[in-house]
Amino acid sequence: MDYNQSEFEFEIKRLDETITLAKKQLNQAKQKNEENKLAIISAKKELRENTSHSISGLWSSDGFEALAELSQYANPVTGKIIDYEVVENKIMLLENLIKSPYFARIDFKFSGEDTYEKIYIGRTSLKKDNSFDSIVYDWRSPIASVFYRFVTGQAYYDAPVGRITGDVNLKRQYEINNEVLEYFFDADVQIVDEFLRKLLSQNTSSKMKTIVESIQKEQDIVIRDMENDLMIVQGVAGSGKTSIALHRAAYLMYQDLSSKLSANNIMIISPNTLFEQYISSVIPELGEENVVSMVFEEMLSSILQNERIQSRNQFLENLISSTSYRNIIKSSIEFKTSHQFMELLNRFIEDIPHRWIQFEDVYYDGECIATKELLKEKILSRTDTPLRQKLKLLEDFIVELIYVSKKIRIKKSIKNEILKFTELNVISLYQQFIGDREYIYNLAKDMKLPECFEEILLYTNENLATNHLYYDDATVIAYLNLKINGTNEYKTIKQVVIDEAQDYYPLHYEIFNLLFTNAKFTILGDINQTLEKQEDLSFYEQIKSIINRKKSLLVTMDKSFRCTNEILMYSSKFIDQKLEIKSFNRKGDEPKIYKALNQISLNDMLISEINLCLEKGYQSIGLICKTEKNTISLYDSLKERIDIKLIKNESTADLQGVFIIPVYMSKGLEFDAVLICDTDDTNYNSEDDKKLLYIGCTRALHRLNLFSKGEISPLL
């Protein structure tokens, strides 16, 4: 776009001034940290010299004075280290800012004023030395929302003091790389779309990128929402759900000044470790520390203190690849994570003191100190306290009784007798519960059990006899454990982000609710991308009723920015079209289906397509198979002929170059080109398989083709 010379010169001068100021502040920060380093070394030296004589005596009778002395010298060291880390973070922010200080400008006239103020917006803020005057505003600042939500004309933003109104007469966007202004343009709707189209046409990278330059109005509303304790987003494939969630986490860290959220107050629950790695750079790029991220089975291990738990990926592999067990695996998890089974578990928990704890009279030196009836009554009288807590109180009660009547300390042997009925093993309790068929039927006498209930019991008993916990049973036992024992492990978490929400079941949400009692939730999903189950919009109503928060909001995002029109149109035939999907209008090649007669012919076709993609300059080429088993088999037949990476359960790989991946691990990721490699009639033939094809196809940004050895799937 043509600009007059003075306008261009003005922007060059403004950029130079900004970079000069940032470099000056960077030098000051580096100088300060040199001083901090020397101060830390000096404080550590003082600590060594002044306390070495007393370290050995810390635990002697005079140890308290030694400890006090140690603390007196150690505190300055800790303080200096904290100062050093704060400045180190500032250095990192300034170094990044210098490369590209801002990406946008709005000229905004506040109501009641005469002149327009130039507001420059970047990833982080830059202020004049020792003043509150902003040279660059952080993209998360209240005024920056005007850039995302309004074109020129009347506009407003919500600040801590209330709503601020005004007028915008310029919206400008910049491309600045390594301190050089490459171009800028003044934005109307048409030009903004063209800019976004250019961004989306670029090749993908091995890590998810930030989207601060291209946040859309409806995305910005989700990112900045502070009113709702439960924010649910139903977003079609490629609508930017995960990006929005991460930008929201960064926004909340910046915004929530009253209870400043730090990285350890936010938890992201990821579908797998590969996905965790893929998103790991977004929040640091936005100028914040990375937040805590976990996959669900890590939580299970933590709750049950048991490493031998089947991972979600192993569970999905069994579910998707098994022919003989598929129906029972599916029925088992559907029933065990349902409201109905939860009601059964709650009845069981209530019944534990009545039937499953063997209370005994407590004797000491031949005298009965407490009868079993008294002990049982003590447990049953406190209805609201978790059972584990009641049993601990019971231990204290018995010890107190012995001490009062005998005036002596309790013997170890009697302590062990008490522990026989106050220590509960939750896994063992669950095994007893599942093993007692008659008891379960009695407990469920007014319930309608599934037709295959007998098979579920048999299957579960077989699994519990092995030396590791299956994913569905581990989930149930975790729920029992939390209800019986309670937990404070995650009480500092104030914000929870759950991605791929559609792959969890009601019991999972009950567990999240029990774990994160003090947290607000952001939950993102797509009911069209379920794995081996069918969901509709009522699924989100279930989540709302379980994670029962004061204010909640469901936002639907129906525009896909990832795929070309042609890929999106092709993918859409695999899903129920009740949810409208709009495309961000970007053109590309039509997807094609290739049929090979045998494996050799298939390999040739795949290698030919890979080479074509490499010639086109694509950075990431994903070969997607239905299962890990198919993935390994295909990898073995291609690895001698082409440089290819295998991604399977628990892999953490760089998603660059050519790689091969099971479809359930590709969720949430995106690749320049996708080859779906096993679309024959034996692999894809059911309603559930349609969803897998939809997931696989919508990973592609620019190019998609499907390959089949033998008869092509009827779903295509």
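At roughly what angle do the axes of helix 16 and helix 18 cross? The legends below start with that crossing.

**View 1. Helix 16 and helix 18 cross in this predicted model.** Helix 16 covers residues 426-435 and helix 18 covers residues 453-464. Their axes cross at roughly 145 degrees and come within 10 Å. The crossing is left-handed. On the side of helix 16, the contact is made by Tyr-430, Gln-431, Ile-434 and Gly-435. Helix 18 contributes Leu-457, Thr-460, Asn-461 and Leu-464.

**View 2. The whole protein, for orientation, has 25 helices and 23 strands.** Of its 716 residues, 52% count as buried. The accessible surface comes to about 33200 Å², and carbon and sulfur atoms account for 49% of that area. Among contacts between residues at least 6 apart in sequence, 73% join residues at least 24 apart.

View 3. Strand 20 pairs with strand 21 (residues 657-662) in the parallel sense, over two bridges. Leu-646 has Ile-660 of strand 21 as its bridge partner.

**View 4. Glu-500 and Lys-667 meet in a salt bridge through their side chains.** The N to O distance is 3.4 Å. Glu-500 lies in the loop between strand 13 (495-498) and helix 20 (506-515), and Lys-667 lies in the loop between strand 21 and strand 22, so the pair ties together parts that are 167 residues apart in sequence. Glu-500 is buried, with a relative accessible area of 7%. Lys-667 is buried too, at 3%.

**View 5. Asp-689 forms a salt bridge with Lys-626.** The closest N and O atoms of this pair are 3.1 Å apart. Asp-689 belongs to helix 25 (residues 687-697), while Lys-626 sits in the loop between strand 19 and helix 24, so the pair ties together parts that are 63 residues apart in sequence. Asp-689 is buried, with a relative accessible area of 0%. Lys-626 also counts as buried, at 4% relative accessibility.

**View 6. Asp-636 and Lys-639 meet in a salt bridge.** The distance from N to O between their side chains is 3.4 Å. Asp-636 counts as partly exposed at 41% relative accessibility. Lys-639 is likewise partly exposed, with a relative accessible area of 38%.

**View 7. A network of salt bridges links Glu-7, Glu-11, Arg-105, Asp-107, Arg-172 and Asp-186.** Side chains of opposite charge can pair when their charged atoms come close. A search of the whole structure finds 37 salt bridges.

Methods:
Residues numbered from 1 in each chain as written. Predicted model: local features only at pLDDT ≥ 70, side-chain atom pairs only at ≥ 80, totals over all residues. Heavy atoms only, no water. Pairing = 2+ DSSP bridges. Helix = DSSP H or I, 4+ residues; strand = E, 2+ residues; numbered from the N terminus. Buried < 20%, exposed > 50% of the residue type's maximum accessible area, 1.4 Å probe, protein only. Contact = heavy atoms within 4.5 Å. Areas by Shrake-Rupley, 256 points an atom, 1.4 Å probe, with all protein chains shown as cover. Salt bridge = Lys/Arg side-chain N within 4 Å of Asp/Glu carboxyl O. Axes fitted to C-alpha atoms, helices over the stretch in contact; angles between N-to-C directions. Left-handed = near helix turned anticlockwise from the far one by under 90°.
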